[in-house]
Amino acid sequence: MRTRRVTTTRAGGFSRAPYDSFNLGDHVGDDPEAVRRNRVRLAEGIGLAPERLVWMEQVHSRTVTIVDGPQPEPVPVTDALVTTVPELALVVLTADCVPILLSDDEAGVIAAVHAGRVGARIGIVPRVLEAMISVGAQPERIGTFLGPAAGGARYEVPAAMRADVEAHLPGSATTTAQGTPGLDLRAGIRRQLEAAGVGAIAVDPRCTIEDTTLFSHRRGAPTGRIAGVIWREPADSPV
């Protein structure tokens with residue numbers, strides 16, 4: 001089996017402004033039929049049936065759910081999914097929060113995580129590592145991808161909030177390009193993963209606030225959601 005990861009952009013969908021055009025979030029006020037068509041297009045684009053994509057009802061928690069097959073509805077009240085089932089795609093939706101895609105290819109374990117400021121602060125990442133280990137993963141074999149998110153140069157927060165997050169997620173405090181208190185959640189999460197012994201970490205450098213090809217709640221709400229997707233496919237599948 002081979003692990004695949006995909007990150008979407010705004011382009012290529014059916015939604016109208018301000019969700020234009022490839023919005024995959026069904027909770028942001030967009031036309032439900034446009035979202036449905038966008039989700040079908042995503043499934044077609046990665047070569048899976050729509051029912052093989054597993055979605056979450058993301059709530060900024062540290063709840064992790066292990067799934068063993070397709071889900072007829074979004075998995076309720078969770079911010080991370082873990083599975084060992086081949087050709088089952090786990091989806092995380094974001095518009096500034098950090099999407100995290102993890103895999104232990106040897107054990108056949110994958111995970112998708114929604115890590116916003118609240119979830120990262122309260123420990124969603126250690127929880128998902130525990131869940132992956134419980135089904136056979138080993139930290140040193142886990143490869144991790146941190147997708148597009150609000151960057152430290154633009155993610156401005158009050159000084160007290162920066163200090164609080166830094167106390168729980170060391171390495172996340174920063175100063176923005178304007179010289180104000182800021183957060184770089186990907187930097188803090190990376191340090192947390194390294195401390196846990198995770199073997200390989202890749203970071204997409206794009207900032208959702210700056211990059212207009214991506215959705216950003218901070219840049220302009222209401223808006224849509226991009227998706228980070230991870231799944232395992234047979235080794236003999238076409239590249």
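1. I66 stands opposite V82, a residue of strand β4. Strands here are DSSP runs of E with at least two residues, helices are runs of H or I with at least four, and both are numbered from the N terminus. β3 and β4 (residues 80–83) run parallel and share two bridges. Strands count as paired if DSSP finds at least two bridges between them.

2. The model is predicted: local features need pLDDT of at least 70, side-chain atom pairs count only at pLDDT 80 or more, and totals for chains, interfaces and linings use all residues. Residues are numbered from 1 along each chain as its sequence is written, and side-chain values use heavy atoms, with hydrogens and water left out.

3. β8 (residues 143–146) pairs with two strands named here. With β6 (residues 98–104) it runs antiparallel, joined by four bridges; L102 stands opposite T144. With β11 (residues 200–203) the sense is parallel, again over four bridges; F145 stands opposite A202.

4. Are the faces of β8 covered or open? Both are covered: G143 and F145 are buried on one side, T144 and L146 on the other. Buried means under 20% relative accessible area, exposed over 50%, and partly exposed in between (1.4 Å probe, protein chains only). In a regular strand, side chains alternate between the two faces of the sheet.

5. Contact means heavy atoms within 4.5 Å.

6. Buried residues of α3 are I124, V125, V128, L129, A131 and M132. They fall within an arc of 160° seen down the axis, so they line one face of the helix. The arc is taken from the directions from the helix axis to the C-beta atoms. E130 and S134, on the other side, are exposed. The cover over the buried residues includes β3, β4, β6, β7, α2 (117–122) and α5. Just after α3, G136 has a positive phi of about 115°.

7. The largest nonpolar core has 33 residues; V98, I100, L102, M132, I189 and L193 touch the most other members. Such a core is a set of buried Ala, Val, Leu, Ile, Met, Phe, Trp, Tyr and Cys residues joined through side-chain atoms within 4.5 Å. β4, β6, β7, α3 and α5 (185–195) each supply at least two residues. α3 gives the most, six.

8. There are 10 salt bridges in the whole structure, each a side-chain nitrogen of Lys or Arg within 4 Å of a carboxyl oxygen of Asp or Glu. One of them joins R4 and E233, at 2.8 Å from N to O. R4 is in β1 (residues 2–7) and E233 in β12 (residues 226–233), so the pair ties together parts 229 residues apart in sequence. R4 is partly exposed at 27%, whereas E233 is buried at 8%. R2, R4 and E233 form a network of salt bridges.
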